[in-house]
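Me: I've got this one open on my screen. Can you walk me through it?

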Amino acid sequence: MSWFTKALKSSVGKKFVLGLTGLALVGFLIEHLVGNLLLYKGADSFNGYAHMLESSELILPAELGLLALFLVHIVLAITVTVGNKSARPEVYSMYASKGGRTLASKTMIYTGILIFVFLVLHLVHFRFGVQSLDAEGRRNLYAAVLALFRSPVYVAWYVLAVCLVGLHVSHGFQSALRSIGVNHPKYAPALEALSLLFGFLFAIGFSSFALWAHFFKGGS
Amino acid sequence: MNLTLKIWRQKSPKDKGRLVTYMAKGISPDMSFLEMLDTINRDLILKGDDPVAFEHDCREGICGSCGFMVSGQAHGPLKGTTVCQLHMRHFTDGDTLVLEPWRAKAFPIIKDLVVDRSALDRIIIAGGFVSVDTGSAPEANALLTPKDNAEIAMDAAACIGCGACVASCKNASAMLFVGAKVSQLALLPQGQPERERRALSLVTSMDDAGFGNCTNESECEAACPKEISVRNIARLNREFLRASFSHPAK
């Protein structure tokens, strides 16, 4: 086994790659959130932005890169979780935290699985499901967003899902940084606060689109 | 004080094991937890029963021998304390306490509350030391060490290898133990010649022993009787990655 394969297969190496892909996905979420803010500007801006992205020559490599990031992140998360379960074959009859664990940290794999389900549905609805065109001949994503969020059930599911994304990131961002070795008394508290901030931003930011579409645009 | 104890009893590594209930009566609040167990064992021996096996040595919180779960918490509810230094005054009359051994694939149970922690010894054997040729001691001022580094190294060196980090981690990970051992030497001039080989060997030995992966929950730091910081885990990650890329071995 080469030094590189050996490093990647080690517990530290797996967590390093899991962390790096997680950080890259946080970067994608920031871009996605900022791009979606154009919803508030109106149909022309939002559809124009989507059209600009989809007609770019870079869209295919970017989407393949994103797919690779998600796949590597998911496969490694499952591998690490399976390894962790086998490291304690017999569980305690009683367990109580002494202060380290949080709701976010102990539910990472569960929030991750639900986010994956949400991601598949999200792609089916918005990436592959919208075929109608606007007056300019662009995919009318703006109308699709308003139409989908007309359903209170879909709004509730979407808000729940993006809150889970926020919960996942609130632990994941700081955990990823530690996994790649970034931790120092000088800046660790700031990075932990940033991790929480990202979690809140994603939960509130993405939820706002669904709530705005449902309550203020009436889905029309 | 009167307490109800549910203690894990397991005759041998192959025995199935079960929780057995004992009544601890007339316990002094000034007793240590292990002294309380001593009284239970005295009564068991007088009745002709097998006493509860638990590990202990110094009973001063510095040797790392003792350790088991008290109602789901490694070394009991107090922070920064080994179970030998945990006193009964921290419990309430009438409490029910559940005592279980450390549970991890890498820590097979030997008997009752005693587990085999030789996996930690094998990690140290893999490289958690400094090779020193015999001879007269070098001149003390010949090795210059920054004060700040010496302090951080000393904090890491406080690890007593009790295994509470593994026991409390939901993944049974030994990253805090290995992080402490790598840090204490990586920060000092004496540790430099074997720095890269040590980081690689210790992580390989840790993985081979069947410990889990770290998911950065910091439960280990909260349970550590010596309050070793999880920053040592981040340092271990850095040391391992640096060594993977720069160590001469292919």
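Me: Start with chain B. How many bridges join strand 1 to strand 5, and do they run parallel or antiparallel?
Reply: Four bridges join strand 1 (residues 3-9) of chain B to strand 5 of chain B, and the two run parallel. Bear in mind that this is a predicted model.

Me: Which residue stands opposite B:L97 there?
Reply: B:L5 does. B:L97 is in strand 5 of chain B.

Me: And strand 3 with strand 5, in what sense do they pair?
Reply: Antiparallel, over two bridges. Strand 3 of chain B covers residues 69-70, and strand 5 of chain B covers residues 96-100. In that pairing, B:V70 stands opposite B:L99.

Me: What's the strand order in the whole sheet?
Reply: It goes 2-1-5-3-4 in chain B. The sheet is open, has five strands, and its pairing is mixed. Strand 2 (18-24) and strand 4 (73-74) of chain B are the edge strands, each pairing on one side only.

Me: Is strand 5 of chain B enclosed or open to solvent, and why?
Reply: Largely enclosed by the rest of the structure, because four of its five residues are buried.

Me: Is B:H75 buried or exposed?
Reply: Buried. Its relative accessible area is 0%, and the cut-off for buried is under 20%.

Me: What about B:E227, what's its phi?
Reply: Positive too, at about 50°, although B:E227 is not a glycine. B:E227 lies in the loop between helix 7 (219-223) and helix 8 (231-246) of chain B. At 53% relative accessibility, B:E227 counts as exposed.

Me: Zoom out. Which domains is chain B divided into?
Reply: Domain 1 (3-104) and domain 2 (117-130 + 139-246). Their centres, taken over C-alpha atoms, are separated by 29 Å.

Me: How many residues are in contact between the two?
Reply: 16 residues of domain 1 of chain B are in contact with 16 residues of domain 2 of chain B.

Me: Now the largest nonpolar core. Which of its residues touch the most other members?
Reply: B:F33, B:M36, B:L37, B:F68 and B:F211, out of 74 residues in that core. Both domains of chain B contribute, with at least three residues from each.

Me: Which residues is B:M36 in contact with, beyond its sequence neighbours?
Reply: Leaving aside neighbours within four places in sequence, B:L5, B:A24, B:I27, B:M31 and B:M88. B:L5 is the residue that stands opposite B:L97.

Me: What other core lies apart from that one?
Reply: One of 37 residues. Among them are A:L33, A:V145, A:A161 and A:I180.

Me: OK, chain A then. How many helices and strands?
Reply: Nine helices and zero strands. Along its principal axes the C-alpha trace of chain A spans about 60 × 40 × 35 Å.

Me: What share of chain A is buried?
Reply: Buried residues make up 41% of its 220 residues. As for contacts between residues at least 6 apart in sequence, 78% join residues at least 24 apart.

Me: Take helix 3 of chain A. What span do you expect for it?
Reply: 16 Å, because it has twelve residues (43-54) at 1.5 Å a residue. Its end C-alpha atoms are 16 Å apart, which agrees.

Me: Which residues of helix 3 of chain A are buried?
Reply: A:F46, A:N47, A:Y49 and A:A50. They cover an arc of only 155° around the axis, so they sit on the same side of helix 3 of chain A.

Me: And what covers them?
Reply: The cover includes helix 2 (11-36) and helix 7 (141-148) of chain A.

Me: Last one, A:F202. Where is A:F202 found?
Reply: In helix 9 (residues 188-215) of chain A. A:F202 is buried, with a relative accessible area of 1%.

Me: What does A:F202 touch?
Reply: Not counting residues up to four places away in sequence, A:V26, A:L29, A:I30, A:L33, A:V162, A:V169 and A:S207. A:L33 is also one of the residues of the 37-residue core.

Me: How far is A:F202 from A:R101?
Reply: Their C-alpha atoms are separated by 22 Å, with the two residues 101 apart along the chain.

Methods: Residues numbered from 1 in each chain as written. Chains lettered and ligands numbered in written order. Predicted model: local features only at pLDDT ≥ 70, side-chain atom pairs only at ≥ 80, totals over all residues. Heavy atoms only, no water. Core = buried A, V, L, I, M, F, W, Y, C linked by side-chain atoms within 4.5 Å. Buried < 20%, exposed > 50% of the residue type's maximum accessible area, 1.4 Å probe, protein only. Domains from an automatic or database assignment. Contact = heavy atoms within 4.5 Å. Expected span 1.5 Å × (residues − 1). Arc of directions from axis to C-beta. Pairing = 2+ DSSP bridges.
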